[in-house]
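Me: Please take a close look at one part of this model. I would like the aromatic residues and the helix packing around them, in short sentences.

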Amino acid sequence: MHKRCSHCHLVYEREPGYFYVAMFVSYAFNVAELVILGVATYLLTGNLENPWLYLIVLFSGAIILAPFNYRYSRVVLMYWLSPGLRFSREMAEAPPRRDEDALQ
């Protein structure tokens, strides 16, 4: 993940460990997805006796949707759960400092 936005130079990581909170958002995404997949599996198959069907569908769904959860949990954290993170026209017009360019 980039340290700064290439357009407006916004620093994404506000403090050390900022994105640890995104794990909780990702967990909520996982729970919602697994409930939806479990209900959809039941509605489509009508099978309640075979636990292997549910295990395969749920684990496959969790693995396939992992990149989605990783990316969008950070997006939700930055744009909806961080009230102090806003676009600033002054920062967008200012060129980035040289020491920050070396980090990227």
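Reply: Start with Tyr 72, which counts as partly exposed because its relative accessibility is 37%. Partly exposed lies between buried, under 20% relative accessible area, and exposed, over 50%, with a 1.4 Å probe and protein chains only. Phe 68 has 38% relative accessibility, so Phe 68 also counts as partly exposed.

A word on the basis. This is a predicted model, in which local features need pLDDT of at least 70, side-chain atom pairs count only at pLDDT 80 or more, and totals for chains, interfaces and linings use all residues. Residues are numbered from 1 along each chain as its sequence is written, and side-chain values use heavy atoms, with hydrogens and water left out.

Now the rings. The structure holds two aromatic pairs. In one of them, the ring centres of Phe 68 and Tyr 72 are 5.0 Å apart and the planes stand at 40°, so this pair is tilted. Rings of Phe, Tyr and Trp (its six-membered ring) pair if their centres lie within 6.5 Å; planes under 30 degrees apart are stacked, over 60 edge-to-face, and the rest tilted. Phe 68 and Tyr 72 sit about one helical turn apart, because they are four residues apart in helix 3 (residues 66-79). Helices here are DSSP runs (H or I, at least four residues), numbered from the N terminus. Ring pairs also bring in Phe 29, giving a cluster of Phe 29, Phe 68 and Tyr 72.

Helix 1 and helix 3 pack with their axes 8 Å apart, at an angle of about 125°. The axes are lines fitted to C-alpha atoms, for helices over the stretch in contact, and angles run from 0 to 180 degrees between N-to-C directions. Helix 1 and helix 3 are therefore oblique to each other. Under 35 degrees would be roughly parallel, over 145 roughly antiparallel, 65 to 115 roughly perpendicular; the rest is oblique. The crossing of helix 1 and helix 3 is right-handed, meaning that the near helix is turned clockwise from the far one by less than a right angle.

The contact (heavy atoms within 4.5 Å) includes all three cluster residues: Phe 29 from helix 1, and Phe 68 and Tyr 72 from helix 3. Helix 1 also contributes Ala 22, Val 25, Ser 26, Asn 30 and Glu 33.

Methods. Helix = DSSP H or I, 4+ residues; strand = E, 2+ residues; numbered from the N terminus.
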